Amino acid sequence: MVSQVRSLEIESWTLYPFGLVLVAARILSRRILLGSWRKLQIDDWLMLFVCVTFTGVIVSVNQVSHNLSNYLPPGAAEKFTPEEKDNAIFGSKFVMVLEEFMLANTWLCKACLLMLYHHMTRGLKQNKLVKLVGAYCVFGYILVQILYLGVWCRPIQQYWQVPVDNCEYLMTHGDRAVTD
């Protein structure tokens, strides 16, 4: 039987080339449509950067799975050896890195979709609404970053503290509350 860590590793690294192939197909298609690499637009370049953040997600999720973190049942961290505690702190720092990569990946894809909608509605009255939603998304991204890094869990070291002192992890709920 394959362990959960090994299973996640296999699944994530199997998914990775599919994501890269989709982005490469998109870029190649756009290059053929536009006739030149120099004519690629900002959303095309953003999709290339999505590959970077997607790589970060895959690497980070595997690092988190190989290490412990502070997402533990109450009382579990008190039983750790010093080596396990250091490992959990390292893993918890990677959880934060993972969340940042996931946020960047999600928001970059949203930006590309908004640019697509902008092109589709150019010259229509709905284009103003697309721009308004785009401004809302920019505001939402900045707000989520400020709240995540500066407000929700202070001092920031508590994000990777083992054991945790009454610090709620609102990241996955907070970013959805602002934008979804």
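Q: Where does Leu113 lie?
A: Leu113 is part of helix H3, which covers residues 82–120. Keep in mind that this is a predicted model.

Q: Is Leu113 buried, exposed or something in between?
A: Leu113 counts as partly exposed, with a relative accessibility of 42%.

Q: OK, now the inside. Which residues make up the largest nonpolar core?
A: There are 9 residues in that core: Val23, Ile27, Leu40, Leu46, Met47, Val50, Cys51, Leu108 and Cys112. At least two of the core residues come from each of helix H1 (4–34), helix H2 (42–66) and H3.

Q: Which helix gives the largest share?
A: H2 does, with 4 residues of this core.

Q: And what does Val23 touch?
A: If you skip residues up to four places away in sequence, Val23 touches Met47 and Cys51.

Q: What about a second core, which residues does that one include?
A: The second core is separate and has 6 residues, among them Trp107, Leu114, Val130 and Val144. As a general point, nonpolar side chains tend to be buried together in soluble globular proteins.

Q: Switching to cysteines. How many disulfides are there?
A: The count is 0 disulfides.

Q: Let's do charges. How many salt bridges does the structure hold?
A: It holds 4 salt bridges. One of them pairs Arg6 with Glu9, where the closest N and O atoms are 2.3 Å apart.

Q: How do Arg6 and Glu9 sit relative to each other in helix H1?
A: They are 3 residues apart in helix H1, so about one helical turn separates them. Arg6 is partly exposed, with a relative accessible area of 43%.

Q: Which residue does Arg26 form a salt bridge with?
A: Arg26 pairs with Asp44, and the closest N and O atoms are 2.6 Å apart. Arg26 is in helix H1 and Asp44 is in helix H2, so this pair ties together parts that are 18 residues apart in sequence.

Q: Are those two buried or exposed?
A: Arg26 is partly exposed, at 24% relative accessible area. Asp44 is buried, at 0%.

Q: What else does Asp44 meet in a salt bridge?
A: The side chain of Arg30, at 3.0 Å from N to O. Arg30 lies in helix H1 and Asp44 in helix H2, so here the tie is between parts 14 residues apart in sequence. Asp44 is buried, and Arg30 is buried as well.

Q: Which residues end up in one network?
A: Arg26, Arg30, Asp43 and Asp44 are joined by salt bridges that share partners.

Q: What is Thr121 in contact with?
A: Leaving out neighbours within four places in sequence, Thr121 is in contact with Gln126, Asn127 and Val130.

Q: Last one, Tyr141. Which helix does it lie in?
A: Tyr141 lies in helix H4. It is partly exposed, with 29% relative accessible area.

Q: And which residues is Tyr141 in contact with?
A: Leu103 and Trp107, again leaving aside neighbours within four places in sequence. Tyr141 and Leu103 are 38 residues apart along the chain, and their C-alpha atoms are separated by 8.5 Å.

Methods:
Residues are numbered from 1 along each chain as its sequence is written. This is a predicted model: local features need pLDDT of at least 70, side-chain atom pairs count only at pLDDT 80 or more; totals for chains, interfaces and linings use all residues. Side-chain values use heavy atoms; hydrogens and water are left out. A disulfide is a pair of cysteine sulfur atoms within 2.5 Å. Buried means under 20% relative accessible area, exposed over 50%, partly exposed in between (1.4 Å probe, protein chains only). A nonpolar core is a set of buried Ala, Val, Leu, Ile, Met, Phe, Trp, Tyr and Cys residues joined through side-chain atoms within 4.5 Å. Contact means heavy atoms within 4.5 Å.
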